[in-house]
Amino acid sequence: MAESTCPLSGQDVVERYFMEHRAKLLDIAAFLDRIDRAGPPPGHEDVRVRALRRAIPLLVDGAGDRTRRVLELFSDHSRDPIPTASTQAALGVDSGTAY
Amino acid sequence: MPYIDPHIHMVSRTTDDYARMAEAGCIAVTEPAFWAGFDRSNPAGFFDYFRQLTDTEPKRAARYGIAHYCWLCINPKEAEDVGFAREVMGLIPEFLDRPNVLGIGEIGLNKNSRNELVILEEQIELARRHDRLILVHTPHLEDKLKGTRLIIDALRNAAVDPGRVLIDHVEEHTVAQVLDAGFWAGMTLYPDSKCTPQRAVDIIECYGRERIWINSAGDWGPSDPLAVPKCHVEMRRRGHGEDLTRRISLENPLAFLGQCPSFQPRI
Ligand SMILES: [Zn+2]
């Protein structure tokens, strides 16, 4: 990956974007609270929520490249084409991964 | 600033959208053939769709001073039925010489199935036979990483010149492999999936301004026909100069699309 070419200083980035991302973080917190209030699902927790929980530590592990790594966590890593497409839709996370 | 939105499905948008895009500086759009939100019941449905793309939309756009170009194909969502897909492909050659047709697109994969791949390979061959540019759709969400790899393999196996192919809907986990292989890359600005304006500008800052563009992919779903100028605002907000905006939304599209002799928008 190339060196950063963002003209803003680190402090400028915080000044300009903090409130917007504070709000997004609260949305995630409220989403997880809402799931709790709705009660536990029968059987396993939904694979999408499990994947989301697995993604959150990547944000604070200090390793950088967070967006790419979250997207890779949510991706199907198999290599061969599937025999047939039984649906046209995508889920958002890989249902074949044990998150 | 004049700009080009190189991927937008105007058949799903209102005439008011053309007016607002023109006011924002849009001088040209290119419209790939895609899924309509439902499966067509008959290949003949595509005959009328191709007429709409090559005849109706250019006239509608011209009323607002916008040049309208298009791409033709059977899209990957409707390519699982190979027989159906081949019938649609059979309709394409008679439209290819219409003045606003740039090439074959948006071909690609959706669920990364064997049949989708067969039809992708046949459409790459169709483009090669007619010496046309190619616009590629990469799959959604969890299927994008795998699909992008399969698509790049198929294009390499067909020995297509990567400089004549744009691979669209790249994100942080696919942009490097597309650019490193010599292809052009497109970023789609969507509210809930693909890239936000902020992330698109991040990607430009990290991967450079060569062989890359942004588009709204405005269609019948959650999307914004003014996403491209809104992303320009994000660039300015960070202190980027107009040279970056011009490069991404004018000079780069002109360089890639200009490889097709009929692409001659008035700037
Ligand atoms: Zn599209």
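Phe50(B) and Phe95(B) are both buried, where buried means under 20% relative accessible area, exposed over 50% and partly exposed in between, with a 1.4 Å probe and protein chains only. This is a predicted model, in which local features need pLDDT of at least 70, side-chain atom pairs count only at pLDDT 80 or more, and totals for chains, interfaces and linings use all residues. Side-chain values use heavy atoms, with hydrogens and water left out, residues are numbered from 1 along each chain as its sequence is written, and chains are lettered from A and ligands numbered from 1 in the order in which they are written.

Rings of Phe, Tyr and Trp (its six-membered ring) pair if their centres lie within 6.5 Å, and planes under 30 degrees apart count as stacked, over 60 as edge-to-face and the rest as tilted. By this rule there are 10 aromatic pairs over all chains, two of which are tabulated here.

| Pair | Centre distance | Plane angle | Class |
|---|---|---|---|
| Phe50(B) and Phe95(B) | 5.7 Å | 70 degrees | edge-to-face |
| Tyr69(B) and Phe263(B) | 4.7 Å | 55 degrees | tilted |

Tyr69(B) and Phe263(B) are likewise both buried. Ring pairs also join Phe46(B), Phe47(B), Tyr49(B), Phe50(B), Phe84(B) and Phe95(B) into a cluster.

His7(B) counts as buried at 1% relative accessibility, and His9(B) does so at 5%.
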